[in-house]
Each structure stands twice: as C-alpha cells, then as structure tokens.
Amino acid sequence: MLLGIDGAGKTTTAATLVAAERQAGGPAIVLHNRSGRRWLARAAARAQVDLPVRWADRIETVLRTANVIVSQARAAHRDGLVVIDRHLVCQLVLREVRGLPPGRVLPWLAVALLRADAVVVLDVPAETAQERILTRAEDHETLTYLRAARSAYLDLARAHGWSVVDATATTEAVLTRIQNATS
C-alpha cells in the first residue's frame, strides 16, 4: 500500500513497481482508490458552486470507501504483487488538514480495511510536492495544505509502524528504498 501527500510520487511509483514485477515474469496490478476530489472541484467550479467542506468530505468519503472495498475484493482474488495506491487513511488525513473531526466509522473502517503486507508512506518536502503538482498541471495544492498533510502522514506512520521512504530521488532509487524498507 502506498500513501503520501499529493506529488509524493505514489501513482508513478506504483506503476513502476508493477512494471518491474511484470518484467521479472511475475503477475502484478495497481489498484487505485481515488476520492474524486479533482473531479468534484472541477464540477463545483463549472457549476459556480462553493461546495461546503463537510459536503465535499462526505462525497469524497463515499467514493473512496467504495473504491477501497472494490480494490480489497479484487486484491483478495489475485496472485502476485498487488500495489494499492491510496486508501481510507488518505481521507482521514484530508479530514485532519481540513479541521474536520475524524468521525467514528471512518477511523474504524480505515483500520479494518487496511490489509496489506506492507504500508509505505512516500515522503517528500512540501515544496518538492508542490513543484511536481504544478509541473503536471492537473491541479494545485497550497504549501500550507501540503505541509499539514505531510505532518499527518508522518504522524500516522510513526503511530502504526509503517515504513517511510524518502521519495525525492529517481523512481529507480525509490523502488530500491521501498524494497529495502519492506524486506
């Protein structure tokens, strides 16, 4: 399972992990657990609606939860490497950064559905993440948001004993760091 702030390289790293495993002859797949945050922001902008944070969170939580449940079911029936890109933990981080309470169900569900042999938090400084986000030109995040989200992910990693991997290097170096951290 790969976690981390936007721009940490989760999707790129997941694709590279799967490609390396397939090249080595093993079965591999990436399962994405998106929340629809970009889509929701664009839809609200097109409709010229200022969506309240609580409503955005509710919609995103439902979408991400559905994606996680489907991914977990798909992963249970697969052999080989299954890389899960994002999880309900990401929604908990979003809630924390937005100043929303974690709720009762989401924290429980995040732990209950967190079935992975390895959980890796890809870590980059907020400035690096923002530069990557601006380069891909699909969305934007403030440094304040990215710093708060990074702190929340690192706190969760410490609390749960997850591996934290410096993701500022090349993708190949990050892969090696992940392999070393999860061996």
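Me: Which hand does the crossing of H4 and H7 have?

Reply: Two packed helices are described by the angle between their axes and the distance between the axes. A crossing is called left-handed if the near helix is turned anticlockwise from the far one by less than a right angle, and right-handed if clockwise; H4 passes H7 in a right-handed crossing. Axes here are lines fitted to C-alpha atoms, for helices over the stretch in contact, with angles running from 0 to 180 degrees between N-to-C directions, and those of helix H4 (residues 88–98) and helix H7 (residues 143–160) come within 9 Å and cross at roughly 130°. Angles under 35 degrees count as roughly parallel, over 145 as roughly antiparallel, 65 to 115 as roughly perpendicular and the rest as oblique, and H4 and H7 are therefore oblique to each other.

Me: Which residues of H4 and H7 make the contact?

Reply: Contact means heavy atoms within 4.5 Å. On the H4 side the residues are Val 89, Cys 90, Val 93, Leu 94, Glu 96 and Val 97, and on the H7 side Tyr 145, Ala 148, Ala 149, Ala 152, Tyr 153 and Leu 156. For the classes, Ala, Val, Leu, Ile, Met, Phe, Trp, Tyr, Cys and Pro count as nonpolar, Asp, Glu, Lys and Arg as charged, and the others, Gly among them, as polar; the contact of H4 with H7 has eleven nonpolar, no polar and one charged residues.

Me: Before we go on, what kind of model is this, and how is it numbered and treated?

Reply: This is a predicted model, in which local features need pLDDT of at least 70 and side-chain atom pairs count only at pLDDT 80 or more, while totals for chains, interfaces and linings use all residues. Residues are numbered from 1 along each chain as its sequence is written, and side-chain values use heavy atoms, with hydrogens and water left out.

Me: At what angle do H3 and H4 pack?

Reply: Helix H3 (residues 53–76) packs with H4 at an angle of about 170°, the axes being 9 Å apart, and that makes H3 roughly antiparallel to H4. Among the residues making this contact are Asp 57, Glu 60 and Arg 64 of H3 and Arg 95 and Arg 98 of H4. By class, the residues of the contact of H3 with H4 divide into six nonpolar, three polar and five charged.

Me: How are H4 and H5 oriented to each other?

Reply: The axes of H4 and helix H5 (residues 105–112) come within 8 Å and cross at roughly 150°, and the two helices are therefore roughly antiparallel to each other. Their crossing is left-handed. H4 contributes Leu 88, Val 89, Gln 91, Leu 92 and Arg 95, and H5 contributes Leu 106, Pro 107, Leu 109 and Ala 110, a set that divides into seven nonpolar, one polar and one charged.

Me: Which residues other than glycine have a positive phi, and are they buried or exposed?

Reply: Most residues other than glycine have a negative phi, and most peptide bonds are trans. Gln 48, in the loop between helix H2 (37–46) and H3, has a positive phi of about 55° although it is not a glycine, and Arg 86, in the loop between strand E3 (81–85) and H4, has a positive phi near 80°. Buried means under 20% relative accessible area, exposed over 50%, and partly exposed in between (1.4 Å probe, protein chains only). At 74% relative accessibility Gln 48 counts as exposed, whereas Arg 86, at 15%, counts as buried.

Me: Where does Asp 6 lie, and what does Asp 6 touch?

Reply: Asp 6 is in the loop between strand E1 (2–3) and helix H1 (10–23), and is buried, with a relative accessible area of 14%. Not counting residues up to four places away in sequence, Asp 6 touches Arg 37, Ala 129, Ile 133, Arg 136, Glu 141, Tyr 145 and Leu 146.

Me: How many helices and strands are in the chain?

Reply: Helices (H or I, at least four residues) and strands (E, at least two) are DSSP runs, numbered from the N terminus, and the chain has eight helices and five strands. From the N terminus on, these elements run β-α-β-α-α-β-α-α-β-α-α-β-α. Buried residues make up 40% of the 183 residues in the chain.
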